Amino acid sequence: MNKGKVWLVGAGPGEAGLITVKGLNCIHSAEVIVHDRLVNPELIAQAPEQCEIINVGKEHDFHPIPQEEINQILVRYAQAGKQVVRLKGGDPYVFGRGGEEVEVLAQNCIQFEIIPGISSSIGGLAYAGIPVTHRDYASGFHIVTGHTYQGNEQQNWNVLAQLEGTLVILMGMSRLTEICQQLMLHGKSPSTPAAVLMYACHPKQNKVISTLETLAAKVEEKNLHAPALIVIGDVVNLSTALSFESTFPTLSELSSKLKIFNEKAGT
């Protein structure tokens, strides 16, 4: 009987310690890890020595391994009876194509499990001192992609410009100028607080705090680039006051503590 199974694991944004305990346990017992480009190497280093590591990372407009082939890699190893971890940055179901991959697994009658992760659209903002909601500034938030499928569809800028609360745009850096212009053209105030956060939750994290009108120019001046997220809304004004430095332990320390915890739990 085929006992292969695929776990779609959210690795979280940037810092390795932000992965869930369940996700880290999966890595520790994986026979195959299929990982994206932005997954922290510290996490991959936690795999067993005999584990096969497959890098299927993509960049904007450069997909050396097409999505259809990634799907078949997961199917092939699971059908061979392997315990497969599909390791994705952030959360598998937040613009991570996790839904597409699970559809293929289900069609092939392969066991799977989803282990959610912290999305950069929330965790990344937190590390930049920006709460995605706040009773005084934003009672809701909206997450959209900066580019649509195959680039042949247009965002409904009129709707996006009228939304209240916090607007978070992922994968939008190549269109930052257009995004800002379209939002203002459709009614968003040019003075709306706006920010770009590059390398969220990472030692190389960098940010620009500005307004919708001047954001693109300031980002170009500071030479920020992808991977980055765009956030628009009054909560951006809290960034300076709420910024902090991460004091998380190293992943090796976390793994040691986790091992002790699991041993005690099993007794």
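## Basis of the description

Helices (H or I, at least four residues) and strands (E, at least two) are DSSP runs, numbered from the N terminus. The model is predicted, so local features need pLDDT of at least 70 and side-chain atom pairs count only at pLDDT 80 or more, while totals for chains, interfaces and linings use all residues. Residues are numbered from 1 along each chain as its sequence is written, and side-chain values use heavy atoms, with hydrogens and water left out.

## Overall chain

The protein chain contains 10 helices and 10 strands. Of its 267 residues, 46% are buried; buried means under 20% relative accessible area, exposed over 50%, and partly exposed in between (1.4 Å probe, protein chains only).

A contact means heavy atoms within 4.5 Å. Among contacts in the protein chain between residues at least 6 apart in sequence, 69% join residues at least 24 apart.

## The five-stranded sheet

Five strands form an open sheet in the order E3-E2-E4-E1-E5, with parallel pairing; two strands pair if DSSP finds at least two bridges between them. Strands E3 (52–55) and E5 (111–115) are at the edges with a single partner strand each, so one side of each has no neighbour in the sheet. From one strand to the next, the twist averages 15°. Angles run from 0 to 180 degrees between N-to-C directions, and axes are lines fitted to C-alpha atoms, for helices over the stretch in contact.

E2 (residues 32–35) and E3 run parallel and are joined by four bridges. His-35 has Asn-55 in E3 as its bridge partner. Helix H3 (residues 67–79) packs on the sheet and touches E1, E2, E3 and E4, its direction making about 155° with that of E4. Helix H1 (residues 21–28) lies across E1 (5–10), E2, E4 (83–88) and E5, and runs at about 135° to E5.

## Backbone exceptions

Phe-95 is in the loop between E4 and helix H4 (98–107), and its relative accessibility of 39% makes it partly exposed. Cys-109 sits in the loop between H4 and E5 and counts as exposed, at 73% relative accessibility.

The peptide bond from Ala-226 to Pro-227 is cis, with omega near 5°. Pro-227 belongs to the loop between helix H8 (215–222) and strand E10 (228–232).

## Two buried loop residues

Asp-36 is located in the loop between E2 and helix H2 (41–44) and is buried, with a relative accessible area of 18%. Its side chain makes a polar contact of 2.9 Å with that of Arg-86. A polar contact is a pair of N or O atoms within 3.5 Å; within protein, one must be able to donate a hydrogen and the other to accept it, and residues adjacent in sequence count only if both atoms are side-chain atoms. Leaving aside residues up to four places away in sequence, Asp-36 touches Val-56, Gly-57, Arg-86, Leu-87, Lys-88 and Gly-89.

Val-132 lies in the loop between helix H5 (120–127) and strand E6 (141–145). Val-132 is buried, at 12% relative accessible area. Residues up to four places away in sequence aside, Val-132 touches residues including Leu-125, Phe-141, Thr-166 and Val-235. Ser-121 is 11 residues from Val-132 in sequence and 8.3 Å away in space, C-alpha to C-alpha.
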